[in-house]
Amino acid sequence: MAAAQEHCEFKTEIKKLLDIITNSLYTNREIFLRELVSNASDALDKLRFETSRGTEVKDPDLPLEITLEADDNKHVLTLKDTGIGMSRDEIVRFLGTIAHSGSEQFLENMARESKENKDASDIIGRFGVGFYSVFMVAHKVVVTSQSYRSDEKPVRWTSDGLGSYDVETLDESLPRGTTIEIHLKEDHKEYATENRIKHIIKTHSNFISFPIKMGEETVNQVTALWREPKFSVKQEQYDEFYKFLTYDSEPPLETLHISVDAPVQFKALMFIPKKDYDIFNQERDKYGLDLYVRRVLIQKENKDLLPQYLGFMKGVVDTEDLPLNISRETLQENRVIAKIKSTITKQILSALEKMAKSDPDKYAAFWKEHSKIFKIGYMDFAHKDRFAGLLRFNSSIHESKDELTSLADYISRAKEGQKEIYYISGQSREAVELNPHFEIFRKKGIEVLYLYEPIDEFALEAVGEFEKFKLKAAENADLKNLDDFADTDKDEKKPVEELSKDDSKILDRLLKKMQDILGEKVTEVRLSDRLTTSPACLVSPDGTMSSHMQKIMRLVGGGAKDDTIPPKAMEINADHPLVRNLIAIFGADENDLYLGACIEQLYESSLLLEGYLSDPHKMVNRINELLEQSSGWYKEVKKV
Ligand SMILES: Nc1ncnc2c1ncn2[C@@H]1O[C@H](COP(=O)(O)OP(=O)(O)OP(=O)(O)O)[C@@H](O)[C@H]1O
């Protein structure tokens, strides 16, 4: 006899979700079974977790398993588990609102994707939509559940997935667990045939750690692959397990299977995915390894087992050295976990080092996908040198932006007597190569690393030194250190005439004039030893951050917008034709107004290159005035 029947409307967001699911053209509908089996497995994990910590449960002797029944005549597929079950309150909360991760994320991603006009069907496959995906194939679903708490009555939940559902409390007695009856739509009755179902289980759910039974047969593998000895596992099995774990359709780039006895006993099976699937640029909090204690799942995506910069790793860790009843809240302070983390970190770094050495192409593929997160490793001081050894950069010796070098290779090419590794930051290869600070390095044939990501410079600053070579921003290089190196740039333009004594004196006064005009905007105006093609550049006072770093610090400084420009010295290239012209103009009339505009413009052009010019209006006006004047003169010279 049924009691307390209730008819309820789904919340709006669920209606939206159901609408997307049922109307989507998604062809790979079989993943609904993956979702339901994974829910059943979660429910069994939760039950095992409760019993292992001594909680009293209903029907303690029931085997922990999932059973499937396919009724080909009635087109009904039934999935049963002996897991934790749901009470009436829970079933309404869990299946009637959208408080759970999968579907919520799905909706967010859908919203974003539809803005970008992408095909959404791929998201269904990759993220899973949880329970509701069943309505891709069902016209009616009946969920009957008995909670593991003996004082709860069984409950039945029925819905056609259109807009509402019914719940009723049952008076009969039922064994613990959840049964889901799936009444298939006419078009999808194939999902009530035994062979089809077996095939789907093998494809998507083979590594579920509880038996999935059809009749007498256990359809899935059940064994915990990570506990098998390494030599007995084939790469195909690893690949299959990886796909099961991540929903990735491609095999992993690298597999790492380790068994450790000291200082802690644990086994880990980890993978580096071929692609960084954080395609939505979400917060990087979806990382971590699944933690098992003696095959019992304690926590999915545990973050205490892995430093964040190795967060691209996917996989499982299983240890003997923790009590089964450990509380998840205290994992973070647990000494065993800390030891596992430190061992795993070393093992992953070793694996990367090995890969970099034995298969540079593979390492380059790793770098392309995962370096963004890996570079956060500059905070891991304990492994600073190993981290630095794994860094890769584009450099001035390369022909294109896609080539990479390590710091060690840079050093192997360094000039005799060179003690520093130089780098320049910029948005692109072109931008770096136009940076005036690069000119002296080009002239002397000294290699410079090109840094394109904001984090690169943080990483190199933190590393500080590699194999006794100091890491130095090119603009902060002490030019005295470069004096010993001869010029190598052969395709010099014709040598510039030496300045006459008189002109040198005029230049001295011109520099003072520049200083007067620019006032407090610069610390000084001086002659440059570093420029060959640019007329001027700005230089940070010794020991300060590079301009690039200063800009980043202003961005991350948060709060108030800081528009102040840190004072810098302006350096002038005495050999530049523009400067030579200015000397002549200044020599003729020290107060020529044209000079003032030119000097301001030189300063602001340098600011622009350093990325500091925040308001271009004044500058554009001035350029237009200068253009107007010069076009007038040009017209006269050309006699047009
Ligand atoms: N077989 C089941 N036994 C017990 N509870 C279940 C079962 N199936 C679903 N639930 C409950 O319903 C909730 C919602 O399930 P749903 O599949 O929609 O999302 P989810 O599993 O939480 O998220 P995700 O799909 O990201 O894993 C689950 O979190 C769980 O609490």
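**Entry 1: α17 and α18**

I looked up how helix α17 (residues 577-588) packs against helix α18 (residues 593-610), and found an angle of about 150° with the axes 10 Å apart. Axes here are lines fitted to C-alpha atoms, for helices over the stretch in contact, and angles run from 0 to 180 degrees between N-to-C directions. Helices (H or I, at least four residues) and strands (E, at least two) are DSSP runs, numbered from the N terminus. This is a predicted model, in which local features need pLDDT of at least 70, side-chain atom pairs count only at pLDDT 80 or more, and totals for chains, interfaces and linings use all residues. I number residues from 1 along each chain as its sequence is written.

I note that α17 and α18 are therefore roughly antiparallel to each other. For such labels, angles under 35 degrees count as roughly parallel, over 145 as roughly antiparallel, 65 to 115 as roughly perpendicular and the rest as oblique.

Which residues of α17 and α18 meet? On the α17 side I listed Leu-582, Ile-585 and Phe-586, and on the α18 side Tyr-594, Leu-595 and Cys-598. I sorted the residues of this contact into 6 nonpolar, no polar and no charged. Ala, Val, Leu, Ile, Met, Phe, Trp, Tyr, Cys and Pro count as nonpolar, Asp, Glu, Lys and Arg as charged, and the others, Gly among them, as polar. Two residues are in contact if their C-beta atoms, placed from the backbone, lie within 7 Å.

**Entry 2: α15 and α18**

I then checked α15 against α18: they pack at an angle of about 75°, with their axes 10 Å apart. That makes α15 roughly perpendicular to α18. Met-514, Ile-517 and Leu-518 of α15 make the contact with Gly-596, Ile-599, Glu-600 and Tyr-603 of α18. By class I have 5 nonpolar, 1 polar and 1 charged residues here.

**Entry 3: the sheet**

I traced an open sheet of 3 strands in the order β20-β22-β21, with mixed pairing. Strands pair if DSSP finds at least two bridges between them. β20 (522-527) and β21 (536-539) stand at the edges with a single partner strand each, so one side of each is left without a neighbour in the sheet. Direction ignored, neighbouring strands of this sheet are turned by 25° against each other on average.

I found 4 bridges between β20 and β22 (residues 568-572), which run parallel. Val-522 has Lys-568 in β22 as its bridge partner. Helix α15 (residues 501-518) packs on the sheet and touches β20 and β22, its direction making about 160° with that of β20. α18 also packs on the sheet, touching β21 and β22, and its direction makes about 60° with that of β21.

**Entry 4: strand β12**

Is β12 mostly buried or exposed? I see that 4 of the 5 residues of β12 (residues 289-293) are buried, so the strand is largely enclosed by the rest of the structure. A residue is buried if 20 or more other C-beta atoms lie within 10 Å of its own, exposed if 12 or fewer, and partly exposed in between.

β12 is joined by 4 bridges to β13 (residues 296-302), running antiparallel, and by 4 bridges to β14 (residues 314-319), running parallel. Leu-291 stands opposite Gln-299 in β13, and Asp-290 has Val-316 in β14 as its bridge partner. β12 and β13 form a hairpin with 2 residues between them, and Arg-294 in the turn has a positive phi of about 45°.
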